[in-house]
Every structure is written in C-alpha cells, then in structure tokens.
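Have the sequence and the 3D view open as you read.

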Amino acid sequence: MFENYKVYETTLAGRPLKLETGMMAQLANAAVMASYGDTKVLCTVTASAKPREGVDFFPLSVDYEEKMYSVGRFPGSFQRREGRASEKAILASRCIDRPIRPLFPKDMRNDCSVVATVMSVDPDCSPEVAAAIGVSAAIAISDIPWDGPISSVNVGLVDGEIIINPTLEQREKTELNLTVSSTADLVAMIEAGANEIPDDLMFDCIMAGHEANKEVVKFINGIVAEIGKPKFEFESNDPDPAILEEIENFCIEDVKKALDTDDKLVRDAALLPIYNAVHEKYDAQFEGNEGKLDEILYLVQKHVVRNWLKNEKKRVDGRGIDEIRPLNAQIDLLPRTHGSGMFTRGQTQVLSVATLAPVSDAQKLDGLDEEVSKRYIHHYNFPSYSVGETKPSRGPGRREIGHGALAERALVPVIPSVEEFPYAIRVVSEVLSSNGSTSQGSICGSTLALMAAGVPIKAPVAGISCGLITGDDGVYGDFMTMVDIQGLEDFYGDMDFKVAGTHKGITAIQMDLKVHGLTPEIIKEAFAKTHKARDYILDEVMLKCIPEPRTELSPYAPKMITTKISPDKIGDVIGKQGKVIQSIQEQCECTINIEEDGQVFVSGLDVEKAKQAVSIIELIANDPEIGAVYSGKVTRLMTFGAFVEIAPGKEGLVHISKLDVKRVEKVEDVVSVGDQVLVKVTEIDDQGRINLSRRDALVEVNGAVVEPDADDTPNRREGGQNRKNGGRERRGFKKHD
C-alpha cells in the first residue's frame, strides 16, 4: 500500500533523528514525518499550480501547529480545542519562515503553504528543531523550486560548555537560548536570548551551531539525491529588461532627488508625482497589468539606494556609514502610570509604559513545554498611524508578537528575581512613529520605563540594528555593513541584524535576511559595530536621562511585602471557606497571594497596611511571642475581663486588673466590643491559652505610669476563681477555624 515509503536515519547531538516519507499526507507536494527522539512532527508543503495575480511578493505561509495531545494534555480553553496559535507557536513559525523564505526564487508568485504539526513531544528533543529540519527536507524533496536545504539546531551554554540541542535539564541551567539555521555554507538565521554573553563567545556558539547544521544538510542532500522530484517550471514575475531600462532612464534622476532626504514624509511626497508621471506615460503599454509599473519603480529605487551605499558610501539621509541618527530619551510622560519612557531615534519613536502588579497576575501559559507562567510580559503595538497609513486596528499580528518577544528576551536577563522584587511586570511599547528599528527602540524605551518605575534591573539594555549590502557576487563578493538602518535601508538592503545588550554582553539577537546567508566575517563585523553603538546609546543618551533605577515606587503602584510561612499553616491563614484571608484583605485593604511552598505576597497602595497584614499572617502561622505588643480587636466582655482577638482565630484574655494603668471598677468603663486596642502577651499556658495585658502595652508604647492602687480590683479574685473553675470559655483561648 505504501510502496513509496522511505525511512532515513542519522543522529543529531547523540540522539536519533529519523525522516520518513511516502506514508502520510500523500496529496501534498511533499510530506515528511520528522522524528527526534520521541518527538514527532508532520511537515507538509504544498504549492499552487499557477501564480497568484495582483501580488508583488512571494505568497508563502508557514504554520507551526501545537497539538496538546502531543504532551497528553487537554487544551486549557473553554471549548477544550486548540484555537489561535500560542505566542510560542507563532515565534516557532517565524523561526522556520525566516531562513527558508530567501531560498525561494524571488520572481515566483505561486502560493506556497508550509505546515508543521507537532504530534508527539519528548521534552529532551525540541519539536521546533524537528519541525525546522522536517520542513527543510519536505521542500527539498518536493517539486517546488527552492535553493535549500537548510538545518536548524538549538545551542545552549551550561557551565561554560557549548551544548547542541540541550536537554530539558540542561535548558534549565543554560545561560543561552540560541537557534541557528544554516545552509551548507552560510548562516541563514540567528535568534537568541542570552544572559549578557560576550560577543566573541556568542560568535563561537553560532559557529558551533553552524557546524552541527552542516552534517544535517549533508544528510538531507543524500535523501534528495535518492528521491527528490524535478522542480516545476513557473511563470517569472521579473519585468522585461528592456522595459526596465527604459523606465529607469526616464525617471532615475527624479528618483535620486526624491530619495535624497532624511524626512520620510518629504520623500513620500516627492515620489508621488514620479509615480504619476510613469503611470501616465506607460499605463497604456501595461494595460491590465499596471501593477508591474510599481514593481519596476521599486527596482529603480532599490538600485539607487544600493548603489549609493555600496559604491558611493552615501546614505539616504546623509549620515556616515556608522553614524547613528539623532537620539532622545525622556521619562515620566504619563503621570498616573507606574513608569514611562520614550525613546526617539530619528523619525522612529517608541513610548514604553511599565505596570507593576502582584505576582499572581503573572501570565499563565498553555503550551507544550514545561513553562507554565511568566512574570515579565512585554507587548508591542504597531498602529497604522505610525507609518502614516489609514488602517483599522485588528489586534497584534505575527510581526507585533515577534517584536514584542524580542524585546522581552532582551530584558528578561536583567529583571530582578521574585525574591528581590516580588512583582509581576508588564511593559507595553507603543510605536508612535516608525522609520526603521522600532523593535530596538522599544528595548531602549522599556529600559527607561522600568528604571523610572523603580524596578531594580541589573543593568540597562539598549538595542541597535546593523544592515548589509552585498555585491553582485552575493555574500562571497564585496560587502558593506552600516549601523542603525532606517526603513528604506532595511527595505532595499540585504540584512536587518538586531542586537540588544548591556555594556557587559548580548541579551538578544534577531536576524532577518534577504540573501541566502552570512559568512563568519559579516557576523563578526556586525557584532563589533552593534556593540560600539549600544555603548554609545547607553552612555550618551539613556543613562544621562536616568542614571539608575529609582529607589521608590510610584505612589500609584502597589507596595509589595513578602514573608514565608510553613506550608502546613497555609490552611490556617486562608481559613474555612477563605474567611480568614478575606477578613485580612478587607481590614488591611490589600491583596494576599500564597504559593504552595508557603511564600506569601501582600500588595496594597498603603505600605503600612500591607505591613499590618504581614504581621497578622505571621501571627496566625506562628505562636504569639511572649513580651510582644499587638493591636487587637475586643470581641467579648466578661465581668472579669475582656477577650481580644490579636489575629483571626487567635484570641486572648485581658484580665480586668490588666485593662488600664489605673484601678478599673467595670470592664465597660474602659473598652467596648469592636474597640481596637494595644495589648502585650504576658503568658501562654500549657494548653495554648493566651493572657494579655493592655496596661503593660500602654506603659511600653506610650510611657504611661501605673497608679499605686491599679491592682486593687474587686473582681480580681473572683475572676481568678472563675478561670480556675472553668468559668472562662475554653473556645476563646485557642485558635479556631
């Protein structure tokens, strides 16, 4: 039945890697079941027979689909069905998309769909790695034109040792989470989050990943040689060279004048009449396919910009090759938020806003790995007005999620631990104006916002991008890099190499390419230029705006206090049906969260009330200290004294002789039910009953003087007799539910 079924096996990082084809999804152009350990991902690729009309790009879609059955769990949604892709699935899709896209013919317009379905997950064998390799093998053996294959691996750094595809245990210890994709010769994609890794060590890790990829590419090439299909012919979308040359000669001088400005609005306005003139002259010649003219004008502008950069060392806005655009940093623009910072680089402007919340507000995650929550969240918004367009908001797309994740990775290494700073933290970056490198602007703005909010980050983080122009020979010929690329240089250039980090080292990398890959020399040069640039941004702009994190939080931020109790006392603090903890929260106007290990987080706007709540919790969880003074509530009056609750469920007796510094005739003369009074613990008997003294508390706290006849109380002996004979109610002496 499956006469075309084939199995190919090798090893990767000491674990079995298996690629199967010919059994499943036989109607796709190609399908591969990629198995890595017990991880299994079905990778399929399909392409339309005809090009899509009216598009000026290659219509490729890549979907990485997480199936919860792969880890033996139900989806967490109400419908118990996989819904919208998780953030991690979207990021995995982008990591597959970025290295494979440049390897398709640039003039092809046939729809192409790549789907990687995760069906079984071995925690020690990354499904993202299996998916990337499986997708590469599927496209390579298919009939779809493609200049692959590629391979992808994860790289970790554990105790100074570079690890390829770290296991679950190693991932928990790693200082680096790096994904490297490569062709046989070039590094095609880099995505990294790192704990301030030095440039040279990061380079070594990238090269280690590249070497591992070479073996997998060789393995896939062997499969292609055996079962690869001939590639189909497609209708090229490239314009006729003669027509391209004619239109270029017609408008190139006007295009040069229009592009020669540092103002995006001025540039767009100057290009508009050129577009109109070209369409007026050539629309009749392109009747029914006028969109081709816009593509030709794109190629003319691309030629001008690349020629300026490569041959004349001239940038569109007149800057030097490694000159950064004008910078500005500001904080405290929004008075009622917990922290705000705005970072401006040329015409790129990002406003970041930090919000602090109880740890219980950490985001819960429903995915395939072991991570169930995160307490630092970064969101990135890119409204249409930021690029001068009119388009309704439809929520974050893949680009917004990817840029937000990049900024999050860049800042996570400097976020203080929950023990140092017991808050959940959310930062939102609003792109107000975009002309290149908004993701890096969001990193700078978010650092400002966090420092303004009083988050004691370990070090400030800045981000910068590096561009690339290659010659006609590709990356093996002449190349040049430039720092801080603006939108036009990103659009017409070959690379957007984004690097974020501190003075000490790199915290995040994201690399987008339009060419097949990078040589080691290009990567080294990009590292050197971005390191120098981010040091300048930190020292000359950001730290001059705010040199260190504030020591005090905003008055509108919750004040957080933590304590630790024995886990077996958690029930006492919560109380029956939650009555005790609810009472504390109401009394102290705070929010209380208790972890399973006994860690307690108390948050409220009034720090003194939060401290009071902590005292109550500690008193419930621990026996009162003899000699300690507490504030308690009078609950009952007896002839021989008053009962005072010093904590929910913990009550003691203040004998009438201990009610005041003077002689007391009646208990009612001194206190009433509901009064809040200071009392001192004088005794805890062997049955756990608590004796209190208001008189001793007044002497200790207020310096009151005891009158000579204070102990001459008529009911004193009677009260003692009642107590000895069991007149005192037992239930008031021990804590109760």
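## Cysteines

Buried, here, means under 20% relative accessible area. Keep in mind that this is a predicted model. With that cut-off, C43 counts as buried because its relative accessibility is 0%. C95 has a relative accessible area of 15%, so C95 is buried too.

How many disulfides does the structure hold? The count is zero. A disulfide needs two cysteine sulfur atoms within 2.5 Å. For C43, the nearest cysteine sulfur belongs to C112 and sits 13 Å away, and C43 is in no disulfide. C95 is in no disulfide either: its nearest cysteine sulfur is that of C43, 15 Å off.

## Helix 6 against helix 7

Helix 6 covers residues 264-282 and helix 7 covers residues 291-312. Their axes run 11 Å apart, and the two pack at an angle of about 130 degrees. Helix 6 is therefore oblique to helix 7. As for handedness, helix 6 passes helix 7 in a right-handed crossing.

Which residues do the touching? From helix 6 come L271, Y275, V278, H279 and Y282, and they meet L293, D294, L297 and Q301 of helix 7. Sorted by class, that contact has six nonpolar residues, two polar ones and one charged one.

## Helix 13 against helix 14

The crossing of helix 13 and helix 14 is right-handed.

On the helix 13 side, V580, I584, Q587 and C588 make the contact. Their partners in helix 14 are K609, Q612, A613, I616, I617 and I620. By class, the contact of helix 13 with helix 14 comes to seven nonpolar, two polar and one charged residues.

## K680 on its strand

K680 is part of strand 28, which spans residues 676-684. Where do its contacts fall, leaving out residues up to four places away in sequence? K680 touches G627, A628 and V629, and also N691, L692, S693, D696, A697 and E700.

How values were computed: Residues numbered from 1 in each chain as written. Predicted model: local features only at pLDDT ≥ 70, side-chain atom pairs only at ≥ 80, totals over all residues. Heavy atoms only, no water. Buried < 20%, exposed > 50% of the residue type's maximum accessible area, 1.4 Å probe, protein only. Axes fitted to C-alpha atoms, helices over the stretch in contact; angles between N-to-C directions. Helix = DSSP H or I, 4+ residues; strand = E, 2+ residues; numbered from the N terminus. Parallel < 35°, antiparallel > 145°, perpendicular 65-115°, else oblique. Left-handed = near helix turned anticlockwise from the far one by under 90°. Contact = heavy atoms within 4.5 Å. Nonpolar A, V, L, I, M, F, W, Y, C, P; charged D, E, K, R; others polar.
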